[in-house]
Amino acid sequence: MESLGILYGIVAVILALYYYFTSTFGFWKSRGIHGPQPIPLFGNVKDVMFARKAMCNYLMEICNVYKDEPMIGIFVRRTPVLIVKDPDLIKDILIKDFSNFPERGFTTHERADPLSQHLVALEEKRWRPLRTKLSPVFTSGKLREMFLLILKCSEHLERYVEKLVSRSEIIECCALTAKYTTDVISSCAFGIDTNSLSDVESEFLKMGREVFDPKWYNLIRLKIKQNAPQLFDILGYVLPQTKVTKFFTRIIMENIEYRERNNIIRHDFVDVLRELKRHPDKIDIELTDSVIASQAFIFFLAGFESSSSAMTHALYELAQNHKIQDTLREEIEQECAKDEDVLTYDNVKKMNYLDKVLRETLRKYPPATFLMRQSTSSYTFDSVKTNIPKGQPVWIPVYAIQRDPNIYPNPDIFDPERFKGEVMQNRNTMYYLPFGSGPRNCIGVVE
């Protein structure tokens, strides 16, 4: 009898777990939304969880399978996630009805991960006033002011590459562009000369690599943060701050204090943060040191990772397509010749073919392969009469859209002419979203 009782207990636990992991699986069917059949524990993302597929490739696969559906329902473990690929519905989410989707659904952790309180992850209440205060840094006028600093970094890059070539060394472009963008961001945003190209011990460069280094303890922290955010908060009282957190908090606070003591004004990103810290009454949120440091942290990461990745992909495609490379080189030489072979902000802005090359690079290799939004209230998509509840995660598969052969013929071919004026005019703007769109697009976009 005792053995039978144990067996019944085991069966009851198994049935309870099965019910827990499958109880949401009727969510999309009840709303008439099609999607792949989920499995207990994993939902539809087993291959992604076991690192057999990247999420962007998985989303592209299901978009191809359900190519005639405006939206697809999947499950990330047991959580229903709505994949939206119809351009009109995307526009509703990002622009028209943005007030219903102002948040991305990330979690922030003031103690366990202080640098998580940045613009990308913040909830609407803190995101909106911060975005307003930080936006003036990202204008064409500010870029013009920074251009000489960028040019100085590019001259260092040129000399560094010439040195490598003279030694007949293999050039690792990903590492090269990461060093360059580290120097640019450090100089333009923080007023710090990091000299990463010649200094292999550059602290900024090491911290940038540390963020993206898949060490076992980083992966464990990430998994706990994603799957058990409440446990992650509790661990914040036990775990020490990471090297990255200590570094960026220290570097930004010391920089602000130094400028205050010496009355230094550079009109850069640090000065904006400094002004916020000096006048917290002008912004309706609590501005702790970690909130301020978080903005500097995400600004640095955007330059370190997204910019260097885009440059690396552009160099790769140019190396594979000599005709495109020659056309681009000819344009650059012609524009520079107009200013006595001097590169200026204005002649860069006139390089239309360069703009096409960069746009095509971001089309083929978008920095964010899918956009995340979360509904803040119950919402009905009028055109398809589908209702979703408050808190519903919504994903927009940018990578899949920008590699859809029905939108971009022969999508694997690198073709800058996809971005000729007349071609772009005939293409829905929601089919090109490397920086998102609407009020919560990438703050660094400068047209």
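Colleague: Why are glutamate 317 and lysine 364 called buried?

Modeller: Buried means under 20% relative accessible area. In this predicted model, glutamate 317 and lysine 364 both count as buried.

Colleague: What makes glutamate 317 and lysine 364 a salt bridge?

Modeller: The closest N and O atoms of glutamate 317 and lysine 364 are 2.9 Å apart. The cut-off is 4 Å, so the pair qualifies.

Colleague: Which parts of the chain does that pair link?

Modeller: Distant ones. Glutamate 317 is in helix H13 (residues 289-320) and lysine 364 is in helix H16 (residues 352-364), 47 residues apart.

Colleague: Helix H16 also holds aspartate 355 and arginine 359. What makes them a salt bridge?

Modeller: Their closest N and O atoms lie 2.8 Å apart. The limit is 4 Å, so aspartate 355 and arginine 359 are counted.

Colleague: Why are aspartate 355 and arginine 359 separated by about one helical turn?

Modeller: Because they are four residues apart in helix H16.

Colleague: Why do you say that the pair of aspartate 271 and arginine 259 ties parts together?

Modeller: Aspartate 271 lies in helix H12 (residues 269-278) and arginine 259 in helix H11 (residues 243-262), so the bridge connects parts twelve residues apart in sequence. Both aspartate 271 and arginine 259 are buried. The two also belong to a salt-bridge network with Glu260, Arg274, Glu275 and Arg278.

Colleague: On to the surface. What makes Glu330, Glu333, Asp339, Glu340 and Asp341 a patch of negative charge?

Modeller: Asp and Glu count as negative. Patch members need over 30% relative accessible area and no salt bridge, and like charges are joined within 9 Å. Those five residues gather in such a patch. Glutamate 330, for instance, has 44% relative accessibility and counts as partly exposed. Glutamate 330 sits in helix H14 (residues 322-337).

Colleague: Which residues make the nonpolar surface patch of about 490 Å²?

Modeller: Leu4, Leu7, Tyr8, Val11 and Leu15. Valine 11 belongs to helix H1. Its relative accessible area is 38%, so valine 11 is partly exposed.

Colleague: Where are leucine 41 and asparagine 410?

Modeller: Leucine 41 is in the loop between helix H1 (2-22) and helix H2 (46-49). Asparagine 410 is in the loop between helix H17 (398-402) and H18.

Colleague: Why is asparagine 410 called exposed, and leucine 41 partly exposed?

Modeller: Exposed means over 50%. Asparagine 410 has 52%, so it passes. Leucine 41 has 40%, so it counts as partly exposed.

Colleague: What lies in the segment after H18?

Modeller: Asparagine 428, for one. Its C-alpha is 9.1 Å from that of aspartate 88, 340 residues apart along the chain. At 29% relative accessibility, asparagine 428 counts as partly exposed. Cysteine 442 is also in the segment after helix H18 (421-425).

Colleague: How do you know that Cys442 is a "binding site"?

Modeller: The label comes from an unreviewed UniProt entry. Such annotations may be inferred rather than shown by experiment. From the model, cysteine 442 is partly exposed, at 34%.

Key: Residues are numbered from 1 along each chain as its sequence is written. This is a predicted model: local features need pLDDT of at least 70, side-chain atom pairs count only at pLDDT 80 or more; totals for chains, interfaces and linings use all residues. Side-chain values use heavy atoms; hydrogens and water are left out. Patches are made of residues with over 30% relative accessible area and no salt bridge: like charges are joined within 9 Å, nonpolar side chains (Val, Leu, Ile, Met, Phe, Trp, Tyr) within 5 Å. Accessible areas come from the Shrake-Rupley method with a 1.4 Å probe; for residues, only the protein chains shown count as cover. A salt bridge is a side-chain nitrogen of Lys or Arg within 4 Å of a carboxyl oxygen of Asp or Glu. The place of a charge is taken as NZ of Lys, CZ of Arg, CG of Asp or CD of Glu. Helices (H or I, at least four residues) and strands (E, at least two) are DSSP runs, numbered from the N terminus. Buried means under 20% relative accessible area, exposed over 50%, partly exposed in between (1.4 Å probe, protein chains only).
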